[in-house]
Amino acid sequence: MKLKLLILFTFLSKVSFSQIDSLTYYYQENKLEKAIKYGEKIISFYNENPSDKDEGYVNTISWLAFLNTEIKKNSEKEKYFKLLEENISFYNQNFEAITHNYFLIANNYSENQNNEFAEIYLLKAINLSELKNIIGEVYYNSLNLLGDIYINQNKFDKAVICSKKCLDIAENIYDKNSEKYIIALSNVAQSFLRIENFKEAESTYLKCIKISNDINNKELQLEILNNTVLMFLTNKDIFQADFYNNIGLSLSQNNDLLIKYRINFIHNKAIIEFEIGKIDNSEKLYLEVLKYYLDHESDYYDRIFKVTNDLGFINLKNKKYTKAEYYFKNNFESKKRFYKNDSIKLISSLNALINLYWNLSDNEKALEYSLISYNIIRNDTKYNQRLLSETLNVLATTYALMKDIKKAELYYLKSLEIKNKLFGKNNLNNLILYNNLLYITNGNIVKHQEYLYLYLNTLNKLLIKSSENLSENENLIFNSTILPNNSHLSFLLKKNKYFSKSIIAIYENQLLLKNLSIRNQQRIKTTIEKNGDATVKQKYQQFIDNKRYITKIEELPVAQRPATYDQLKTETESLEKELTRLSATFAEAKKSLAVSWKQIQEKLKPNEVVIDLVSFNYYNKKWTDSIMYGAFVIKKDSKFPKFVNLFEEKQLAVLLERNNKAHDSIQSKIINKQYSDKEISNLFYKPLEAELKNGNTIYLAPSGLAHQINFKALPVNTNQTLGEKYKLILLGTTTTLVDYKPLTINKKDNFEIVLYGGINYNKKQVEVYKEAYPNELNDLATRSGILEFNYLPGTNDEVNKINKEAITYNFKTTIKTESAATEESVKQLSGKANPFILHLATHGFFFENTKQELSDLDKNIPVEAKKRIYLASEDPMMRSGLLLAGANNSWRKTNNETNADDGILTAKEIANLDLSNCKLVVLSACETGLGQINGSEGVFGLQRAFKMAGVQNIIMSLWKVPDVQSAELFEIFYAACFNGKSIQEAFNEAQNKMKEKYSPYYWAGFVLLE
């Protein structure tokens, strides 16, 4: 789009004016016809005096070629370009002029769609420039145009080389604060976008924006912003697109001269609103845009067609099929009148109609339009390969809906072949095509599994690639985009026999998903430490500081958040991506991602068994509302992982149901029943019993609601629990086994025990507080609050006894109680160099979801209070946390200061810490193991937060644990640890001793996750 401006500048700067002053004068006066006549006189003179032909002769030919191009006299233009080719040798040793005219000739061929000859002359210009070291605008323009040609020829590897060279040249030949540099940079960014190199496109566009802010050319600023928004929309990064689009809307506000730019941003906003599901808002904006385009029809034909089509899709989304058909048909007929009947411009309208007829189950009509679309592009000699692939995909889908599996497979494979040539084998389009092939070959087990293997192979590579280029938030969005199509686990339930190759691929995909879930931040940190670059370390520190500040802002009511909030989020996400991409270059980081099942098996002893639980939405010809559970089982002699079908989630959900509003005495009865009956145990243990024969150790990784179960406490017969019959080790992911070592608290490792308990949650003195709440200090007092948080005397006894015991064994300790147990003191542990154990005996909170109703007590809390903000947050990491000193001062009201210690430590804040030297965190509080369950991503809450912070082992609670008995449990646990037992052995011993005295409610509430 900006290329012509650069071409014109180049042209005028290279032509010698010594013999053509009058021609130049007429051009400057915009009298092009007179300029041409004078130029023709000069040519006549040279033709009459051929011996005088020199550079002035060739310069005049160049002028005439250019001037006839300007006034659109194509026959004359072509005559002079041909003459230019024949006489370019008159430049003799003027290599600069020769390269310039090679470029002009190439550009003319390109405009005539003759890319073969355009490429020849561009290569001449480039080679001569390099040979004679003429590295200027002509060289840049030649590479830029050649890159475009390579893109059109689907030679993407060559296009990438051209784009990167252009970037280097632009930085050398232009002033980095100039408009010309920004234009050049924008061209490069656009090239990267066209070859779907989003990483380079994004960084280049953002560089353009940064520079354009310092120049006094608002139109150029707006054009760059618009291109950036379109890039983010193409990459489905809606948050970033919206952020930059809002800047564009603001800059173009109340300025009639900038109305055409403002319309671009309104159009973008319509797309954004549609993408986030605000369909009605989107339609209103589209109609506003359409009105403007219709009022200026001659300039916007293509956009009118695009908007009309999009309005059809809006109505299709709203199931207003009659209105959708009106828009689609009107668009199609208008295009037919404007373009030729067989123009490829019709294909987008045809595909819209096909989509409509799919929704109406009118497959015959869909096939009719699918064949028209296919024939148009197949018969077009200059057809676009990408468009052909999409058209083949549409045709194949139509045949699939008509149950013509043979033809559907044929056209899917043709589409796939083109995609492989265009983008290589590992791209999102291929993943969708493999998924389609999976559905249609469901009845053919051999083909089905062949495509399944290819699908999973592609999926795994895409997941790794995304983790190397995207922020954590973008990764979650990306995964949620592609994983709902992940129906392969459902196929395991329906097939009697699955090939080992397919089962391995499915299992290793599950391992990757769990492994990717929480590794990103720790990978970045490790890389920064190894890198040693001071600038990179500074960027990392800025990233962490930003994240912490953003988290505090999000604890404020929306109306009180600073105006810079969105910009800060965008800048922080960009910083994270930069650091992520840097860390992805390290071999160790990549190696840690994909763990094979064989690596896990190699770590097993003969009597050890791995049970990897999975939960998944069930697909049976269509998506159902059932969530199924299964298990992959690995033993030392396994030839491949075995899949065992378990149960449907609703069966477990009923058994785990608890009345959260009931009194704690009622809760204890419910939990005791759950762990005395064998109903939960039967769901898991019975189907797996045969696989556990001859086994004595189980490594178990939970999934879904299984995160809410203490498996060791489940009865398997009248005399034993699962934890008594087997040595059961709970793992966040079985990939942990590759480097697994049970933790022992050893004095020689210089361990420190950091203890929090006996916390004063109020401004009042603790003794006064005890007197105010005498009824809450009985042995059923739990570590959870409603309106405010009562003092927990058991936690004071707990940490003091642990402290005393630790000192006896010569362990270094730090104890924080009463008002000293602040939120800030926990945060100061971030980056602690020596290994330590962190014990937090306090209240915890967890809110199930954003639609949770307020209790009668909660209704007394002001709308802007902290509790309501947490409860209503869409971020599950804000809906769980721990309470520290002074928490009651903030819980029922809003603190307007973003740097204040409010005594409330959310999971989101914990995730921003560096606790990689914390070998064990003990969350001696209520429901600290709970959180929002997000499929393969695991539990979003305190468990995830501490793992993201780098903690290796976590002891956490599954329900509202009793104060006194929790203190007793941990007194036994630490005594065993200090005596040299591993934390696993010590924890088992503590729970077994408690089991001798108490019912499950009092001892089974805690689990150890290694």
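Which residue forms a salt bridge with Glu130, and how far apart are the closest N and O atoms?

Modeller: Glu130 forms a salt bridge with Lys165, and the closest N and O atoms are 3.3 Å apart. The term salt bridge requires a side-chain nitrogen of Lys or Arg within 4 Å of a carboxyl oxygen of Asp or Glu.

This is a predicted model, so local features need pLDDT of at least 70 and side-chain atom pairs count only at pLDDT 80 or more, while totals for chains, interfaces and linings use all residues. Residues are numbered from 1 along each chain as its sequence is written, and side-chain values use heavy atoms, leaving out hydrogens and water.

Back to the pair. Glu130 sits in helix α7 (residues 115-131) and Lys165 in helix α9 (residues 156-173), so the bridge ties together parts that are 35 residues apart in sequence. Helices (H or I, at least four residues) and strands (E, at least two) are DSSP runs, numbered from the N terminus. Glu130 is partly exposed, at 35% relative accessible area. Lys165 is also partly exposed, at 34%. Here buried means under 20% relative accessible area, exposed means over 50%, and partly exposed is in between, with a 1.4 Å probe and protein chains only. In general, side chains of opposite charge can pair when their charged atoms come close.

Now the other bridges. The whole structure holds 28 salt bridges. One of them joins Lys447 and Glu409, with the closest N and O atoms 2.9 Å apart. This pair links distant parts of the chain, 38 residues apart: Lys447 is in helix α23 (residues 445-469) and Glu409 in helix α21 (residues 405-423). Lys447 is partly exposed at 31%. Glu409 is buried, at 10%.

Another joins Glu971 and Lys801, whose closest N and O atoms are 3.7 Å apart. This pair also links distant parts, 170 residues apart, with Glu971 in helix α43 (residues 963-978) and Lys801 in helix α37 (residues 793-808). Glu971 is partly exposed at 36%. Lys801 is partly exposed too, at 44%. Salt bridges also link Glu554, Asp875 and Lys908 in a network.

Lys31, Lys34, Lys37 and Lys41 form a positive surface patch. Patches are made of residues with over 30% relative accessible area and no salt bridge; like charges are joined within 9 Å, and nonpolar side chains (Val, Leu, Ile, Met, Phe, Trp, Tyr) within 5 Å. Lys and Arg count as positive, Asp and Glu as negative; His and the chain ends are not counted. The place of a charge is taken as NZ of Lys, CZ of Arg, CG of Asp or CD of Glu. Lys34 is partly exposed, with 47% relative accessibility.

Ile698 lies in strand β4 (residues 697-701). Ile698 is buried, at 2% relative accessible area. Leaving out residues up to four places away in sequence, Ile698 touches Val609, Ile611, Leu692, Tyr726, Lys727, Leu728 and Ile729. Contact means heavy atoms within 4.5 Å. Ile698 and Lys727 are 29 residues apart in sequence, yet 6.2 Å apart in space, C-alpha to C-alpha.

Asn309 lies in helix α16. Asn309 is buried, at 8%.

Then two backbone points. Most residues other than glycine have a negative phi. Lys319 has a positive phi, near 60°. Lys319 is in the loop between α16 (301-317) and α17 (321-338), and Lys319 is exposed at 61%. Asn694 also has a positive phi, near 75°. Asn694 is in the loop between α34 (679-688) and β4. Asn694 is exposed, at 65%.

Finally, the whole protein. There are 45 helices and 16 strands. Of the 1010 residues, 56% count as buried. Among contacts between residues at least 6 apart in sequence, 71% join residues at least 24 apart. The accessible surface comes to about 44200 Å², with 48% belonging to carbon and sulfur atoms. Accessible areas come from the Shrake-Rupley method with a 1.4 Å probe; for residues, only the protein chains shown count as cover.
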